[in-house]
Amino acid sequence: VFGKNRGEYFQRLNNEYPDLSRQDRRILAYMRMQLSSKEIAQLVGINYESVNTSRYRIRKKLNLPKSVELDSFVASL
């Protein structure tokens, strides 16, 4: 999914969305890999509900309108 552009992806996130925490960027990376919230929770070491809360907060930090799906947006980054 990232190929050799992984560093560029994280650099772009840092530049365009400086309010994202390290955890936010990590969750976004897993989302870009098309992992489910349940899979992300296991990898990050948090519960499923916390992943959903993180997704909500990430949407707010990215200023995404409700008409834009977070997963689609992440795939386009």
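**Close-up views of a predicted helical model**

**View 1. Packing of helix α2 against helix α4.** The axes of helix α2 (residues 22-32) and helix α4 (residues 48-62) come within 11 Å and cross at roughly 105°. Helices are DSSP runs of H or I with at least four residues, numbered from the N terminus; axes are lines fitted to C-alpha atoms over the stretch in contact, with angles from 0 to 180 degrees between N-to-C directions. The two helices α2 and α4 are therefore roughly perpendicular, a term for angles of 65 to 115 degrees. This is a predicted model, in which local features need pLDDT of at least 70 and side-chain atom pairs count only at pLDDT 80 or more, while totals for chains, interfaces and linings use all residues. Residues are numbered from 1 along each chain as its sequence is written, and side-chain values use heavy atoms, without hydrogens and water. From α2, D24, I27, L28 and M31 meet S54, R55, I58 and K61 of α4, contact meaning heavy atoms within 4.5 Å. The residues of this contact comprise 4 nonpolar, 1 polar and 3 charged.

**View 2. Burial of helix α2.** Of the 11 residues of α2, 8 are buried, so this helix is largely enclosed by the rest of the structure; buried means under 20% relative accessible area, exposed over 50% and partly exposed in between, with a 1.4 Å probe and protein chains only. The buried residues are D24, R25, I27, L28, A29, Y30, M31 and R32. Q34, which follows α2, has a positive phi near 65°.

**View 3. The largest nonpolar core.** This core has 20 residues, and L28 and L62 have the most contacts inside it. A nonpolar core is a set of buried Ala, Val, Leu, Ile, Met, Phe, Trp, Tyr and Cys residues joined through side-chain atoms within 4.5 Å. Two or more residues each come from α1 (6-16), α2, α3 (37-44), α4 and α5 (70-76), and α2 gives the largest share, 5 residues. Residues up to four places away in sequence aside, L62 touches Y17, L20, L70 and F73.

View 4. S37 lies in helix α3 and is buried, at 12% relative accessible area. Beyond its neighbours within four places in sequence, S37 contacts Y48, V51, N52 and R55. E39 is also found in α3 and, at 37% relative accessibility, is partly exposed. The E39 side chain reaches the backbone nitrogen of S36 at 2.7 Å. The C-alpha atoms of E39 and F73 are separated by 19 Å, the residues being 34 apart along the chain.

Note on methods:
Angles under 35 degrees count as roughly parallel, over 145 as roughly antiparallel, 65 to 115 as roughly perpendicular and the rest as oblique. Ala, Val, Leu, Ile, Met, Phe, Trp, Tyr, Cys and Pro count as nonpolar, Asp, Glu, Lys and Arg as charged, and the others, Gly among them, as polar. A polar contact is a pair of N or O atoms within 3.5 Å; within protein, one must be able to donate a hydrogen and the other to accept it, and residues adjacent in sequence count only if both atoms are side-chain atoms.
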